[in-house]
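Try each task yourself, then follow the worked steps.

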Amino acid sequence: MRTADVPAFTAFVQARSSALFRTALLITGERHVADDLVQSTLEQVCRHWRKVRSADAPEAYARRILVNLANDRWRKLRGRAEVPLDEGIGGVDDTGGVGGGHAVDPYKGLAARDELMRGLQSLPVGMRTVLVLRYFEDLDDAEIGRLMNISAGTVRSQVARGLSKLRSTVGTQPLHAGSEGAA
């Protein structure tokens with residue numbers, strides 16, 4: 001990397017590394033693995049910074065690297081014993097607050113988030129990745145398809161099947177971000 005590129009790359013890392021970490025954590029379910037994925041992703045972005053910087057969407061480029069690295073990791077683990085969940089998953093940042101002055105039990109929220117994380121981890125990695133990119137990264141079908149080298153139709157079917165499996169695993173409450181439950 002040229003010295004002139006260092007400030008731009010540093011700014012990119014400062015602006016996007018936490019979002020990349022959140023995506024990696026949601027896909028893998030393990031903090032140390034998510035850290036490793038983000039580190040490897042940023043290493044590859046750094047090596048190809050001129051190409052990444054000239055791309056229309058450097059974050060999308062980095063996200064694609066992250067998804068590919070996560071898929072490579074799962075291919076290597078296939079056939080091994082199930083990977084245990086990280087005990088620290090409950091620390092995922094939840095910025096969606098509850099308004100209206102209702103009393104909220106914070107432990108109930110932690111239990112629900114833990115149940116959702118465990119449900120996500122029970123899904124096949126491709127299905128989990130599609131759900132994370134759709135509902136946590138707010139990407140559309142075409143963007144997800146490009147990232148994962150699958151068709152938009154496959155994205156939609158993976159979303160539908162993944163949500164169905166999550167609902168049966170987690171419970172009957174809606175899983176859509178921002179949805180309000182009935183009182």
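**Exercise 1. Are Phe9 and Trp49 buried or exposed, and how do the rings around them pair?**

Step 1. Both Phe9 and Trp49 are buried, where buried means under 20% relative accessible area, exposed over 50%, and partly exposed in between (1.4 Å probe, protein chains only). Before going further, note that this is a predicted model, in which local features need pLDDT of at least 70, side-chain atom pairs count only at pLDDT 80 or more, and totals for chains, interfaces and linings use all residues. Residues are numbered from 1 along each chain as its sequence is written, and side-chain values use heavy atoms, with hydrogens and water left out.

Step 2. Look for aromatic pairs: the structure holds two. Rings of Phe, Tyr and Trp (its six-membered ring) pair if their centres lie within 6.5 Å; planes under 30 degrees apart count as stacked, over 60 as edge-to-face and the rest as tilted.

Step 3. Phe9 and Trp49 make an edge-to-face pair, with 5.4 Å centre to centre and 75° between the planes. This pair links distant parts of the chain, since Phe9 sits in helix H1 (residues 6-28) and Trp49 in helix H3 (residues 49-54), 40 residues apart. Helices (H or I, at least four residues) and strands (E, at least two) are DSSP runs, numbered from the N terminus.

Step 4. Now take Phe12 and Trp49: the ring centres are 5.5 Å apart and the planes are at 50°, so this pair is tilted. Phe12 in helix H1 and Trp49 in helix H3 are 37 residues apart, and Phe12 is buried too.

Step 5. Put together, ring pairs join Phe9, Phe12 and Trp49 into a cluster.

**Exercise 2. How do the axes of H7 and H8 cross, and at roughly what angle?**

Step 1. Find helix H7 (residues 141-148) and helix H8 (residues 152-170); their axes come within 8 Å and cross at roughly 100°. Axes are lines fitted to C-alpha atoms, for helices over the stretch in contact, and angles run from 0 to 180 degrees between N-to-C directions.

Step 2. H7 and H8 are therefore roughly perpendicular to each other (under 35 degrees counts as roughly parallel, over 145 as roughly antiparallel, 65 to 115 as roughly perpendicular and the rest as oblique).

Step 3. Asp141, Ile144 and Gly145 of H7 meet Ala152, Val155 and Arg156 of H8 in this contact, where contact means heavy atoms within 4.5 Å.

**Exercise 3. Which residues does Thr129 contact, leaving aside its neighbours within four places in sequence?**

Step 1. Find Thr129 in helix H6 (residues 125-136).

Step 2. Thr129 counts as buried because its relative accessibility is 0%.

Step 3. With those neighbours set aside, the partners of Thr129 are Ile27, Val67, Asn71 and Met148.

**Exercise 4. What is the phi of Asp138, and what is the phi of Asn149?**

Step 1. Start with the background: most residues other than glycine have a negative phi.

Step 2. Asp138 is not a glycine, yet has a positive phi of about 60°. Asp138 belongs to the loop between H6 and H7 and, at 68% relative accessibility, counts as exposed.

Step 3. Asn149 has a positive phi near 60°. Asn149 lies in the loop between H7 and H8 and is exposed, with a relative accessible area of 59%.
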